Amino acid sequence: MNSPAVSPLLSGLELVTALGIVGFWIWWFRADHDESRWPPGYRQHEQAFVVPDIVLAILLLVSSLASMANVAQGSNVALVAAGMMLFLAIIDATYFVQQGLFAPERGGVGNALLVGWLFVLSLTMIVQHA
């Protein structure tokens, strides 16, 4: 598919998402996680995702830059990134449902927006690059 009209926008969204992931972890490591709204084991659960999220951010960056430079193999990287992002979004959504973290009083709106964005972007990347 790889429509030229969508690629610059999609590349930009990938880049912004990669920066958002890095920004999230910078914030997360500086934030207080002793709030009562977090389930038991929250810190340990989240810390397991630092490395996969950074790998995802790198893949999104490479995919974005490859797409902007019209490198043919960029679509392969984009599909790997999209699959990884979709998998991580499914894990997050499942955890949020199990822990009641979609409830408004437990940050549900932000959690829903985060997971929703990951689903939309990953599926868009799959359609664009398949």
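Which residues of α4 are buried? The views below take up this and other points in a predicted model.

**View 1. Helix α4 and its buried residues.** The buried residues of α4 are Gly74, Ser75, Ala78, Ala81, Ala82, Met85, Leu88, Ala89, Asp92, Ala93, Tyr95 and Phe96. Their cover includes α2 (42-47), α3 (50-68) and α5 (108-129). An α-helix has 3.6 residues a turn, so residues three or four places apart point the same way. Helix α4 runs over residues 74-98 and holds 25 residues. At 1.5 Å a residue it should span 36 Å, and its end C-alpha atoms are 36 Å apart, so the two values agree. Glycine 100 follows α4, and its phi is positive, near 70°.

**View 2. The packing of α4 on α5.** The two axes come within 8 Å and cross at roughly 150°. An angle over 145 degrees counts as roughly antiparallel, so α4 and α5 are described that way. Their crossing is left-handed. On the α4 side, the contact residues are Ser75, Ala78, Leu79, Ala81, Ala82, Met85, Leu86, Ala89, Ile90, Asp92, Ala93 and Phe96. They meet α5 residues Asn111, Val115, Leu118, Phe119, Leu121, Ser122, Leu123, Met125, Ile126 and His129. Several of these α4 residues are also buried, among them Ser75, Met85, Asp92 and Phe96.

**View 3. Helix α1 and its buried residues.** Helix α1 has 24 residues. From first C-alpha to last, α1 reaches 35 Å, close to the 34 Å expected at 1.5 Å a residue. Buried in α1 are Ser7, Leu10, Ser11, Glu14, Thr17, Ala18, Ile21, Trp25 and Trp28. These residues pack against α2, α3 and α5.

**View 4. The packing of α1 on α3.** Here the axes lie 8 Å apart, at an angle of about 155°. The helices are therefore roughly antiparallel to each other. α1 passes α3 in a left-handed crossing. From α1, the contact comes from Ser7, Ser11, Glu14, Leu15, Thr17, Ala18, Ile21, Val22, Trp25 and Phe29. Their partners in α3 are Val50, Asp53, Ile54, Leu56, Ala57, Leu60, Leu61, Ser63, Ser64, Ser67 and Met68.

**View 5. Serine 11 in α1.** Serine 11 sits in helix α1, which covers residues 7-30. Is serine 11 buried or exposed? Its relative accessibility is 1%, so serine 11 counts as buried. Leaving aside residues up to four places away in sequence, serine 11 touches Ser64, Ser67 and Met68.

**View 6. Aromatic rings around tryptophan 25 and tryptophan 28.** The structure holds 8 aromatic pairs. In one of them, the ring centres of phenylalanine 24 and tryptophan 25 are 4.9 Å apart and the planes stand at 75°, so this pair is edge-to-face. Phenylalanine 24 is partly exposed, with a relative accessible area of 31%. Tryptophan 25 is buried, at 4%. Tryptophan 28 and phenylalanine 29 also form an edge-to-face pair, 5.1 Å centre to centre with 90° between the planes. Tryptophan 28 is buried, with a relative accessible area of 1%. Which residues do the ring pairs link into a cluster? The cluster consists of Phe24, Trp25, Trp27, Trp28, Phe29 and Tyr42.

Key
Residues are numbered from 1 along each chain as its sequence is written. This is a predicted model: local features need pLDDT of at least 70, side-chain atom pairs count only at pLDDT 80 or more; totals for chains, interfaces and linings use all residues. Side-chain values use heavy atoms; hydrogens and water are left out. Helices (H or I, at least four residues) and strands (E, at least two) are DSSP runs, numbered from the N terminus. The expected span of a helix is 1.5 Å times one less than its number of residues. Buried means under 20% relative accessible area, exposed over 50%, partly exposed in between (1.4 Å probe, protein chains only). Contact means heavy atoms within 4.5 Å. Rings of Phe, Tyr and Trp (its six-membered ring) pair if their centres lie within 6.5 Å; planes under 30 degrees apart count as stacked, over 60 as edge-to-face and the rest as tilted. Axes are lines fitted to C-alpha atoms, for helices over the stretch in contact, and angles run from 0 to 180 degrees between N-to-C directions. Angles under 35 degrees count as roughly parallel, over 145 as roughly antiparallel, 65 to 115 as roughly perpendicular and the rest as oblique. A crossing is left-handed if the near helix is turned anticlockwise from the far one by less than a right angle, and right-handed if clockwise.
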